[in-house]
Amino acid sequence: MQNKEKLLFFMLIGVVTLWGLNVVMVKYLATFPPLYVAAIRMTVAGVCLAPIIYKFKTNLRLKKGDWLLIAGVGASSIALHQITLAAGVQTTTAGNASLILGLNPLATALLAMIFLGEAMSWQKGLGIGVGFAGVLIVVISQHGGFHMNGWGDAIMFFSMLMYVTGGLLIRKLVVRGVPVLLITALSQMFGIVFLWAAALVQQPASYYFSLEVSPFQWLVIFVSGALSTALGSVGWNYGIRQLGASRTAVFLNGMPMASLLFAALFLGEQLKLVHVLALFMIVGGVYLGSRNLVKPTPVPSKAAPELTTKA
């Protein structure tokens with residue numbers, strides 16, 4: 001494995017670790033309406049990402065099709081994903097939600113193969129399967145099983161598909177030569193607009209202004225928005241640009257384990273020996289599924305300067 005690819009893998013592990021911590025932070029903020037928390041977090045992330053738009057101001061003359069794809073990323077992987085996630089977790093169990101979201105790498109690999117022409121090797125398939133088995137162990141050990149829950153599970157499945165769709169659209173934009181950092185920032189702005197529209201439909205602005213938020217809660221919201229969402233999105237989208245959608249998605253198998261570790265550290269939840277086995281399975285699955293046996297789709301030369309950008 002080349003040194004550059006190793007650094008990229010460590011970066012993606014860091015992103016998934018941040019997202020695992022974010023689950024704990026969002027759980028801490030569960031006393032507030034989910035859409036309100038999501039809209040505030042995404043707004044904080046948008047403020048952090050706004051300088052990127054200024055940096056790439058000369059690249060804003062995009063084609064109409066590019067703008068539609070960027071709006072699609074904001075609508076799918078940001079707004080609709082957050083909205084359906086908030087609705088889904090209220091109508092299904094945490095175990096079901098974790099398992100359905102754990103289908104992300106498999107769904108990404110299949111859809112990337114169908115729509116983007118990314119190769120599906122036996123090793124990638126085995127890695128996805130082993131990693132998902134590790135996720136299954138984590139969920140069953142924490143929640144006692146998996147029981148179908150009708151509309152709640154259907155909503156969570158749709159939420160997972162929305163996130164996958166956003167990743168595929170990002171890869172498509174990158175191949176068309178749009179800088180990945182610009183995609184990240186602009187799609188975030190679209191997502192903020194869609195989320196606040198949904199939040200204001202649910203409750204009037206006066207309701208949100210009446211909510212009491214402590215200084216520590218504001219700190220948690222800021223860390224969640226600035227680090228997990230803004231910094232995490234930049235790193236994740238850069239990974240999609242370099243590795244492709246399906247190889248990058250394999251790293252998501254590590255998020256439930258990261259959430260479990262942070263929940264034990266900050267919320268006092270219990271860790272068991274079986275979780276060590278799950279950790280090894282997830283790490284093994286990531287290793288198998290992310291190894292590059294087939295050359296990724298080449299990126300047009302006009303996108304080449306993005307190669308030196310640090311996420």
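Analyst: Happy to. In this predicted model, the count comes to one cavity of 30 Å³ or more. The volume of the largest cavity is about 80 Å³.

The lining of the largest cavity is made up of Asn104, Thr108, Tyr163, Val164, Gly167, Leu168, Trp236, Ile240, Ala245, Ala249 and Leu252. Two or more of the lining residues come from each of these elements: helix 5 (104-116), helix 7 (151-175), helix 10 (215-243) and helix 11 (245-249). Helix 7 is the one that gives the most, with four residues.

An α-helix has 3.6 residues a turn, so residues three or four places apart point the same way. With that in mind, you can look at Asn104 and Thr108, at Val164 and Leu168, or at Trp236 and Ile240, which are among the lining residues.

Helix 1 (residues 3-28) reaches 38 Å from its first C-alpha to its last, close to the 38 Å expected at 1.5 Å a residue; its buried residues include Leu8, Phe9, Trp19 and Asn22. Helix 3 (residues 64-91) has 28 residues and reaches 38 Å, close to the 40 Å expected, and helix 3 bends by about 35° at Leu80.

How values were computed
Residues are numbered from 1 along each chain as its sequence is written. This is a predicted model: local features need pLDDT of at least 70, side-chain atom pairs count only at pLDDT 80 or more; totals for chains, interfaces and linings use all residues. Side-chain values use heavy atoms; hydrogens and water are left out. On a 1 Å grid over the protein atoms alone, a cavity is a set of points where a 1.4 Å probe fits but cannot get out, and a pocket is an open set with protein on both sides within 12 Å along at least five of seven lines; lining residues have an atom within 4 Å of a point. Grid points are joined across faces, edges and corners, and a volume is the space filled by probe spheres set on the points. The expected span of a helix is 1.5 Å times one less than its number of residues. Buried means under 20% relative accessible area, exposed over 50%, partly exposed in between (1.4 Å probe, protein chains only). The bend at a residue is the angle between axes fitted to the seven residues ending there and the seven starting there.
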